[in-house]
Amino acid sequence: MKMNIAILPGDGIGPEIVSQALQVTEAVCKKFGHDLTYKHALVGACAIEQTGNPYPDETHELCMQSDAVLFGAIGDPKYDNNPSAKVRPEQGLLGMRKKLGLYANIRPVTTFETLIHKSPLRTDIVTGTDLMCIRELTGGIYFGRPQGRSEDNNVAFDSCVYSREEIKRIVELAYKYARQRKKKVTIVDKANVLCTSRLWREVAQEIEKQNPDITTEYMFVDNAAMQLIQWPNRFDVIVTENMFGDILTDEASVITGSLGMLPSASIGLHTSVFEPIHGSYPQAAGKDIANPIATILSAALMFEYAFGLMDEGRVIRTAVDESIKAGVVTEDIASGDKSYKTSEVGKWIKEYILNK
Ligand SMILES: NC(=O)c1ccc[n+]([C@@H]2O[C@H](COP(=O)([O-])OP(=O)(O)OC[C@H]3O[C@@H](n4cnc5c(N)ncnc54)[C@H](O)[C@@H]3O)[C@@H](O)[C@H]2O)c1
């Protein structure tokens, strides 16, 4: 198959982890005989430094022309510590999501047997966790207008806005994935307080009626936050709005033991984007210590979701599993004193794929 992908490493550890995922992608293409072409482009703080725009037009053009986007992370302390900066790296990420119409962020959360002891949660709680969070990505409070400050600068406000159509398309997606999994959907909202959540529930109840073979449950976000760490096994597909999803998926990452382990796929109207759920981890930038697994597993999702190549995805997941079993892991998930560099982990996984 011909595969034409855009590579957007971004900031901080982005370039280091993306180059590992790219090596692994190349290895899989070599093994399965796919014709891979790719081009790099700027996004985030590095794009601001070079062009003044966190999501330059050339980057958007490249994304639109590609079959898939492999993304690292954006963010730089220079902007985090300057709340009054007018142009911010995050605008690049939000702009990309909006312009590519990426309305759904899919985050599988599974445990690795050999890593269960790394979870701060008890082994009996996390064992067997296999859930999928579907987060709405282009609506809600992160995009709602009006947003701003009062004239006297003493009051600030954000707006949470959702349309029936925005809710419908993502809830329907949740049912589609639940049907391929354990046939259960949990709709997370705050319908006891928020008007937007009541619309979510209303729309979801209509879709529930059309899917009688799927078990549906409704859960307030505060309860979901608690149940997710008390009883993660009870969930199959969780679908929720943008901000709730942002927070719950970071919480869910502790189940796997490290934020450096969780991949995601953002899908929507145009090209899909595959990215780790973590940020640019600036403290580790350039040190070759960040865990590349979330990005490598994002490449696995890319094969599956963008190209329908399930065997290729499986090969990557197996290689990751084997690297963990062999103890070839970065310091965040290492058990004893011995840990490996980002590049060593990537190389091990690449070679495992090529030699098996
Ligand atoms: N999608 C994105 O690009 C994205 C997401 C979240 C945060 N950010 C940005 O990233 C910057 C840093 O934010 P933050 O510190 O809140 O979040 P972060 O995810 O970068 O890091 C939080 C902590 O998680 C751990 N961690 C994250 N990635 C890891 C990896 N690959 N390997 C090992 N450990 C890892 C580290 O302990 C780190 O201190 C900020 O500028 C923020 O805006 C970007």
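## Talking through a predicted model

Student: Which residues of α8 are buried?
Tutor: In this model, which is a predicted one, the buried residues of α8 are Thr-196, Ser-197, Leu-199, Trp-200, Arg-201, Val-203, Ala-204 and Ile-207.

Student: How far apart are the end C-alpha atoms of α8?
Tutor: They are 22 Å apart, and since 15 residues at 1.5 Å a residue should span 21 Å, the distance agrees with expectation.

Student: Where does Asn-211 lie?
Tutor: Asn-211 lies in the loop that runs between α8 (195–209) and β9 (215–220), and with a relative accessibility of 10% it counts as buried, because the cut-off for that label is under 20%.

Student: Which residues is Asn-211 in contact with, leaving aside its neighbours within four places in sequence?
Tutor: With those neighbours set aside, Asn-211 is in contact with Tyr-175 and Arg-179, and in the case of Arg-179 the two side chains are joined by a polar contact of 2.8 Å.

Student: Switching to α12, how many residues does it have, and how far does it reach?
Tutor: Helix α12 covers residues 310–325, which makes 16 residues, and it reaches 23 Å from its first C-alpha to its last, close to the 22 Å expected at 1.5 Å a residue.

Student: Which residues of α12 are buried?
Tutor: Glu-312, Gly-313, Ile-316, Ala-319, Val-320, Ser-323 and Ile-324 are the buried ones in α12. Seen down the axis of α12, these buried residues fall within an arc of 140°, so they line one face of the helix.

Student: Why would spacing along a helix matter for that?
Tutor: An α-helix has 3.6 residues a turn, so residues three or four places apart point the same way.

Student: What does the buried face of α12 pack against?
Tutor: The buried residues of α12 pack against α1 (14–32), α11 (293–307) and α13 (342–355).

Student: What about Glu-322, where is that found?
Tutor: Glu-322 is found in helix α12, where its relative accessibility of 25% makes it partly exposed. Not counting residues up to four places away in sequence, Glu-322 touches Trp-348 and Tyr-352. For a sense of distance across the model, the C-alpha atoms of Glu-322 and Tyr-218 are separated by 38 Å, and these two residues are 104 residues apart along the chain.

Student: Is Pro-146 buried or exposed?
Tutor: Pro-146 counts as exposed, at 52% relative accessibility. Even so, leaving aside neighbours within four places in sequence, Pro-146 is in contact with Phe-157, Asp-158 and Ser-159, and its C-alpha is separated by 9.8 Å from that of Val-161, which is 15 residues away along the chain.

Student: Which residues have a positive phi although not glycine?
Tutor: Among them are Asn-153, with a phi of about 70°, and Asp-288, with a phi of about 60°. As background, most residues other than glycine have a negative phi, and most peptide bonds are trans. Asn-153 has its place in the loop between β6 and β7 (156–157) and is partly exposed, with a relative accessible area of 46%. Asp-288 is found in the loop between β12 (272–276) and α11, and at 23% relative accessibility it too counts as partly exposed.

Student: How many disulfides does the structure have?
Tutor: A search of the whole structure finds 0 disulfides.

Note on methods: Residues are numbered from 1 along each chain as its sequence is written. This is a predicted model: local features need pLDDT of at least 70, side-chain atom pairs count only at pLDDT 80 or more; totals for chains, interfaces and linings use all residues. Side-chain values use heavy atoms; hydrogens and water are left out. Helices (H or I, at least four residues) and strands (E, at least two) are DSSP runs, numbered from the N terminus. Buried means under 20% relative accessible area, exposed over 50%, partly exposed in between (1.4 Å probe, protein chains only). A polar contact is a pair of N or O atoms within 3.5 Å; within protein, one must be able to donate a hydrogen and the other to accept it, and residues adjacent in sequence count only if both atoms are side-chain atoms. Contact means heavy atoms within 4.5 Å. The expected span of a helix is 1.5 Å times one less than its number of residues. The arc is that of the directions from the helix axis to the C-beta atoms. A disulfide is a pair of cysteine sulfur atoms within 2.5 Å.
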